[in-house]
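Please look over the structure below and keep it open while you read.

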Amino acid sequence: MPDRAALVTGASSGIGLAIARMLGEEGFALTIAARRPEKLTAAADGLRAAGCEVEAVAANMAEEDGIIAVAAAHRERWGRLDVLVNNAGVGVGAALADIATKRVDMQLDVNLRAVILFYRECADLLRAAGAEHGNALVVNMASISGKTGQPWLSVYSATKAAVIGWTQAMNKELNGDGIKSVALCPGFVDTDMTAFIREQVKPEQMIRPEDISEAVRFVLKTSPNCVVPEIVFQRPGEAL
C-alpha cells in the first residue's frame, strides 16, 4: 500500500491532468479516470514516464455503474484514498428556448450527481485517511459561473452553484472526521472546454491549468485546522 493515494476524474487532459501531474510530483499514487479510453491511456503513459504510479480507469461519469467501477478499481489497486478530485465536467450553452432535456440531464449527472456519488463511494477510505493524519482532502471543480450565473450557460451555472453548496455542506458534515473539501471556482481556463470563447478571449489571457493545480498544491500543504472552502480565480476585469 502506498503512503498516499489520490483519485482524479476528468484527468485525460486540461485541469484534471495538470492536477494529477502535480499530485504525482508530490508522491501520490494515482487513479485517473475519464470517458475516452484513448486519451486516458495517453495521459497515463505520460504520467508514468514522469515517474508516477498510475491506475487508469475509463468510465462515463454520467453513469452510476461507471462511478462505482472507478472507486472499486482505486480501492483494489491502492487500498487507501487521501485526495479525491471531482474534476469531470461538461457545459452546454443554450438560450432558454433551446434547452434540450437530455443536455440538462447530462450536465446534472456529470457536474453534480457524480460528485455526490463519488463522496458516497469513497467516504470510508477518506474517513480512514482522516483518522490517520487528519488532512484528507476532496477538491470539487466548480466555476466562477457558480458564483454569478451566466446567460446561455444557465444550466451549467446552476450545477456549479450546487457544487459550491454541496462543498460547504460536506465541510460541515465531514470536517470532524478529518476530511476537508474545497470548491475551485475559475473563470476561463485554457482548455478544450473553452474553445467556444477564444474569439472573444485569447488563450494567453486565460487562466492556465497549472494555475489550478498549484492552488490544489497550496491546499494540500495547509494544516488540518485550516479549511479553505472556496478558491475563486478571476482574470483582470472579470466581474463576479
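Alanine 5 has alanine 29 of β2 as its bridge partner. The model is predicted. Strand β1 covers residues 5-9, and its pairing with β2 is parallel, over five bridges.

- Strand β2 runs over residues 29-34, and six of its six residues are buried.
- In a regular strand, side chains alternate between the two faces of the sheet.
- On one side of β2 sit Ala29, Thr31 and Ala33.
- Threonine 31 has a bridge partner in β3, namely glutamate 55.
- From β2 the chain crosses to β3 through helix α2 (residues 37-49). This β-α-β crossover is right-handed.
- β1, α1 and β2 also form a β-α-β unit, and that unit is right-handed.

**Helix α1**

- The end C-alpha atoms of α1 are 17 Å apart. Its twelve residues should span 16 Å at 1.5 Å a residue, so the two values agree.
- Is α1 enclosed or open? It is largely enclosed by the rest of the structure, because nine of its twelve residues are buried.
- The buried residues are Ile15, Gly16, Leu17, Ala18, Ile19, Ala20, Met22, Leu23 and Gly24.
- Their cover includes the strands β1, β2, β4 and β5. It also includes the helices α2 and α6.
- Glycine 27 follows α1 and has a positive phi, near 95°.

**Helix α6**

- Helix α6 holds twelve residues, 209-220. It reaches 17 Å from its first C-alpha to its last, close to the expected 16 Å.
- An α-helix has 3.6 residues a turn, so residues three or four places apart point the same way.
- Among the buried residues of α6 are Ile212, Ala215, Val216, Val219 and Leu220. Arg217 is buried in α6 too.
- The buried residues of α6 pack against α1 (14-25). They also pack against four strands: β4 (83-86), β5 (136-141), β6 (179-186) and β7 (230-233).

**Histidine 74**

- Histidine 74 lies in helix α3, which covers residues 64-78.
- Which side chain makes a polar contact with the side chain of histidine 74? It is that of threonine 31, at 2.7 Å.
- A polar atom of the histidine 74 side chain also lies 2.7 Å from the backbone oxygen of arginine 80.
- Histidine 74 has a relative accessible area of 1%. That is under the 20% cut-off, so histidine 74 counts as buried.
- Beyond its neighbours up to four places away in sequence, histidine 74 touches Ala5, Ala6, Leu7, Thr31, Gly79, Arg80, Leu81 and Leu125.
- Leucine 7 is 67 residues from histidine 74 in sequence. In space their C-alpha atoms are 7.2 Å apart.

**The aromatic pair**

- How many aromatic pairs does the structure hold? It holds one.
- The rings belong to tyrosine 119 and tryptophan 166, and their centres are 5.6 Å apart. Their planes meet at 85°, so the pair is edge-to-face.
- The pair links distant parts of the chain, 47 residues apart. Tyrosine 119 is in helix α4 (residues 101-133), and tryptophan 166 is in helix α5 (residues 154-174).
- Tyrosine 119 counts as buried, at 4% relative accessibility.
- Tryptophan 166 is partly exposed, with a relative accessible area of 21%.

**Tryptophan 152**

- Where does tryptophan 152 lie? It lies in the loop between β5 and α5.
- Most residues other than glycine have a negative phi.
- Tryptophan 152 is not a glycine, yet its phi is positive, about 65°.
- Is tryptophan 152 buried or exposed? It is exposed, because its relative accessible area is 57% and the cut-off for exposed is over 50%.

Technical notes: Residues numbered from 1 in each chain as written. Predicted model: local features only at pLDDT ≥ 70, side-chain atom pairs only at ≥ 80, totals over all residues. Heavy atoms only, no water. Helix = DSSP H or I, 4+ residues; strand = E, 2+ residues; numbered from the N terminus. Buried < 20%, exposed > 50% of the residue type's maximum accessible area, 1.4 Å probe, protein only. Polar contact = N/O pair within 3.5 Å; in protein donor to acceptor, adjacent residues only side chain to side chain. Contact = heavy atoms within 4.5 Å. Expected span 1.5 Å × (residues − 1). Pairing = 2+ DSSP bridges. Right-handed = clockwise from strand over helix to strand, strands pointing away. Phe/Tyr/Trp six-rings, centres within 6.5 Å; stacked < 30°, edge-to-face > 60°.
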